[in-house]
Amino acid sequence: MVGGGAEPEGDRLLDGMFATPAVLVALDDGARLRTMLAFEVALAAAQADLGIVPRDAADMIAACASPKAFDIAAIAQAAGRAGNIAIPFVAAFTAIVARRDGAAARYVHWGATSQDVIDTATVLQLRAAVSALRIDLLRLETALARIVADHAATVLPGRTWLQHAVPTTLGLKAAGWLTAVAAARRAVDDAAARAASLQFGGAAGTLASLTGQGLDVARRVAARLDLRLPPLPWHTLRGELAACGGALGVLCGALGKLARDLSLMMQTEIVELLPPGGKGQGGSSTMPHKRNPVGCAIALSVATQAPGLVATLLSAMVQEHERGLGGWHAEWQTLPALLRLAAASAARMAETVEGTEIRPGAMRADLGRTHGLMMAEAVSMDLARSIGKEDAHHVLEEASRTALAEGRPLEQVLKQDRRVTVALSADEIGRLMDPAHYLGNARDFCERALQAWRGGE
């Protein structure tokens, strides 16, 4: 989470698309400094509790812990030579304290190492960023749940391999989106909670410089920062951070799936949904009539970028001995990038779903595009009771080809086929050709999805 220097100027133009204000605040340089200072203050206070450092020194360290006192540009420049930002940060903080109390300055960062402050700051920033991300995810889930409840019986074509299959409902499609997003959000929450562990091990994970009091100090620091105290320092045990990356990657994929489906349903040739419109949203620089699914475009872009970032975090797990070389450094920009992208995707998809115009009339029209062919399975299954499954399948396959070749509705072809009419009356054929009568447990699945979501919040 902690990286050298300010964001490049050029990235600011893209922040509106690929980040959210709340997550940017959680990950910016000010937050980096605040969380690093929080570690240093908690460390000094814990050591003062145990008599390791003077109480006056700990109080002075706390009094000097203001991010505004730091020259970010100078720390960034020095980090390039030092190999991390903790070294120039600690030097700068020591100098800040020394200007007010030279004796207290000697106890800044007492017994800790660079990785302790950077990793602890990382998990503190991760927790804040995930908390901000959760707000938009819950907005999105609430909007999806509303669609599930309102459109459990709104019939539209089910599509497999991008072709009409059998009827389904918009509510059931939304139930799938809701279930996937909610499961991914819970996984991110769980992964972030597991990762919220204090890092405190000193030079090589033994805390030898604290002469046997290291674990007592660690307990107190963890309590002050509201972090879990792990069984041992995790300097080169990066599984929990990698798991966070994996959970964020799955979330980006779930949001991408939603974006893909919505954008396909928003195509001009289908237009079962219309993307949010209005001034500055979804327009074209040359075509005044355009209403583009811009939120879907961002979520799909994020879903394309996320797997590579997850792979980087997995690769970074292979770290050497007690302190790693390079793998640790690879996390600093990668995890924040994933968090920014996931937050952008969640926010844009929440806005998209909340503002999407649902068009049941277009869905009904799409049901008729294949002139009843999507109901072939329904007729086949009913006919099979009389003539057997294999024969019924053959009859419907042949009738479907005839309907396509002659441009006639399947219902008409079936009512003129004696192999069908000896088993099914005209009224029965008509009933079987009604998509609303072939929805199986769609409504039940909608209700189960809503119950699971409400119970898992």
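# Reading burial, salt bridges and a helix

Q: In this predicted model, is Asp119 buried or exposed?
A: Asp119 is buried, with a relative accessible area of 1%, and it is counted that way because the cut-off for burial is under 20%.

Q: Which side chain meets that of Asp119 in a salt bridge?
A: The general idea is that side chains of opposite charge can pair when their charged atoms come close. In this structure the side chain of Asp119 meets that of Arg238, with 2.9 Å from N to O.

Q: How many salt bridges does the count come to, and which residue forms one with Glu272?
A: The count comes to 23 salt bridges, and one of them joins Glu272 to Arg159, whose closest N and O atoms are 2.9 Å apart. This pair links distant parts of the chain, since Glu272 sits in the loop between helix 11 and strand 3 (273–274) and Arg159 in strand 1 (residues 155–160), 113 residues apart. The two partners can be read separately for burial: Glu272 is buried at 0% relative accessibility, while Arg159 is partly exposed at 28%. Both also take part in a network of salt bridges that links Arg159, Glu272, Asp366 and Arg369.

Q: Where do Glu398 and Arg419 lie?
A: Their side chains meet in a salt bridge, with 2.9 Å from N to O. Glu398 is in helix 16 (residues 389–406) and Arg419 in helix 18 (residues 418–421), so this pair ties together parts that are 21 residues apart in sequence. Glu398 is partly exposed, at 28% relative accessibility, and Arg419 is partly exposed too, with a relative accessible area of 33%.

Q: Which residues of helix 20 are buried, and why are they on the same side?
A: As a general idea, an α-helix has 3.6 residues a turn, so residues three or four places apart point the same way. In helix 20 the buried residues are Ala442, Cys446, Ala449, Leu450 and Trp453. They cover an arc of only 95 degrees around the axis, and therefore lie on the same side of the helix. What covers these buried residues includes helix 8 (114–150), strand 2 (163–169) and helix 9 (170–195), whereas the face turned away from the buried side carries the exposed residues Arg448 and Gly455. Helix 20 itself runs over residues 442–456, and its 15 residues reach 21 Å from the first C-alpha to the last, close to the 21 Å expected at 1.5 Å a residue.

Q: With which residues is Gly249 in contact, leaving aside its neighbours within four places in sequence?
A: Gly249, which is found in helix 11 (residues 239–265), is in contact with Ala306 and Val310 once those neighbours are left aside. The C-alpha atoms of Gly249 and Ala311 are separated by 9.5 Å, although these residues are 62 residues apart along the chain. Gly249 is buried, with a relative accessible area of 18%.

Q: Which residues form a nonpolar patch on the surface?
A: The patch is formed by Leu13, Leu14 and Met17, which together have about 330 Å² of accessible area. Leu14 has its place in helix 1 (residues 12–18), and at 44% relative accessibility Leu14 counts as partly exposed.

Note on methods
Residues are numbered from 1 along each chain as its sequence is written. This is a predicted model: local features need pLDDT of at least 70, side-chain atom pairs count only at pLDDT 80 or more; totals for chains, interfaces and linings use all residues. Side-chain values use heavy atoms; hydrogens and water are left out. Helices (H or I, at least four residues) and strands (E, at least two) are DSSP runs, numbered from the N terminus. The expected span of a helix is 1.5 Å times one less than its number of residues. Buried means under 20% relative accessible area, exposed over 50%, partly exposed in between (1.4 Å probe, protein chains only). The arc is that of the directions from the helix axis to the C-beta atoms. Contact means heavy atoms within 4.5 Å. Patches are made of residues with over 30% relative accessible area and no salt bridge: like charges are joined within 9 Å, nonpolar side chains (Val, Leu, Ile, Met, Phe, Trp, Tyr) within 5 Å. Accessible areas come from the Shrake-Rupley method with a 1.4 Å probe; for residues, only the protein chains shown count as cover. A salt bridge is a side-chain nitrogen of Lys or Arg within 4 Å of a carboxyl oxygen of Asp or Glu.
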